[in-house]
Amino acid sequence: MGRVVVLLFALALAAACGRGQTHGAIVVVLDTLRADHLGVYGYPRDTSPAIDRLAERGVLFEQAVSPSSWTLPATIALLSGRYVTAEVFSGGLRTSLVETLGAAGIRTAAFTEGGFVSEHFGLDRGFEAWQESEGPVRLVRAGHRTQDGGEGGIEHTFARARQWLRDHGEQPFFLLIHTYEVHTPYRRPPRGGAAGRGRLGETFEIGDVERVRQGEIELGDTELDYLARLYDGGVAEADRQVGALLADLDLLGLRDRTLVVVTSDHGEDLGARDRRFAADHGHSLYDELTRVPLIFAAPGAPRPGLRIRQQVSLLDVMPTVLAWFGLEVPAGLGGSSLLPALHGTEIEHRPLLMRQFARSGASLRPLRTAWRDGVTKLVLNFPFLEPSAPTVELFDLAADPGERVNVAERRPEARDDRIQQLRQLERVLDAEGLADLRAAGDVPAALRERLESLGYGH
């Protein structure tokens, strides 16, 4: 039945696009963007009018989650459609679904802002064109240059991507756009009026993150509110750039044959659970770090504005892109195509193993693991990392979406069942070997400078 649904949807899309027209697909990854800071996901502050309008004509997934809480493993999973193991990543990305697109004659290009989304890690695999930013993170307004005379930032990234579309959009194409906008440092004008900022400066820099972690800056309610408003300023700027991209699609006549996907690699901790970790990520697997926006806008979709409650993940994004182009989705992936869901066919929750990988240190084993099935969330902590954390946490996501009430002792059967499912998949993945995600010592100077400017010191 699923294959019939996909075929019918493909025929509907072909009719909507017109005979002889070629398809295109764009995946926009807005780094560190929490789903719950977009209006279409219920956020009260006006941060995302363009993305909200995109969702109104597309399909929104309410429970989209990332398999990790920092950029490199999340991006590996996104591009490969597989969990991160040594078979997938060893000294660099070893397999990418972008290769399948290129082999089918589809033009492929990526415009990224480097850091952990770099060719150094093999993430350019399969791309015909790959451009990434180097040097320190730059935040500049369109048409301006940075203090050192360079160009950079989200405006520059999107401008290059839009130019590539103008040059190549008449052919079948796949375009990946990645930006560090929303990631620290927070330097955009804060949203939400002129409320106070307490002990914080006008911007929130990488050094401030560490000072908060060390207790040198105390965050009270005023500071946390200002931090969220600074973060929202980045969200609004990212949304503005998405809006400009969508306007170009209309001007170029590409909207009616282009699949547009907006998502993120992971979320951001804004201090609601533990103020020491405000403006940071990669340290836990709670939903503030792993729940991401996921919106697909496909021409010809019969139910615009559809919202899907069933859980999906970043592993499903590229299989969906393959199916959109009418290509066979390889077997053995961690994810699968969402094309039937875009058509309105009801899908089941897709359980996900989530792992917190270290960016440095001796051990390759995940520091924390979690199992999320759309109904409950199991988190296995390692006490030596956080002595106060319980070893096992189980959360009822319907009754407790904020993951505050641990019901592991009250629901032992559910707890043990989830542990068994998690361990079963771990055994399968362990047979493929442990991936080494630690940045190698031969990181080029320009890339090292960019990583450090993002707070990733080595």
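A370 has V379, a residue of strand β12, as its bridge partner. The model is predicted, so local features require pLDDT of at least 70 and side-chain atom pairs pLDDT 80 or more, whereas totals for chains, interfaces and linings use all residues. Residues are numbered from 1 along each chain as its sequence is written, and side-chain values use heavy atoms, without hydrogens and water.

Strands β11 (residues 368–372) and β12 (residues 376–380) pair in the antiparallel sense over 4 bridges. Strands are DSSP runs of E with at least two residues, helices runs of H or I with at least four, both numbered from the N terminus; two strands pair if DSSP finds at least two bridges between them. The open sheet of 4 strands has the order β10-β11-β12-β13, with antiparallel pairing. Because β10 (352–356) and β13 (392–396) stand at the edges with a single partner strand each, one side of each has no neighbour in the sheet.

The structure holds 35 salt bridges, a salt bridge being a side-chain nitrogen of Lys or Arg within 4 Å of a carboxyl oxygen of Asp or Glu. One of them joins D248 to R166, with the closest N and O atoms 3.0 Å apart. D248 lies in helix α7 (residues 221–251) and R166 in helix α5 (residues 153–168), so the pair ties together parts that are 82 residues apart in sequence. D248 is buried at 9% relative accessibility, while R166 is partly exposed at 41%; buried means under 20% relative accessible area, exposed over 50%, and partly exposed in between (1.4 Å probe, protein chains only).
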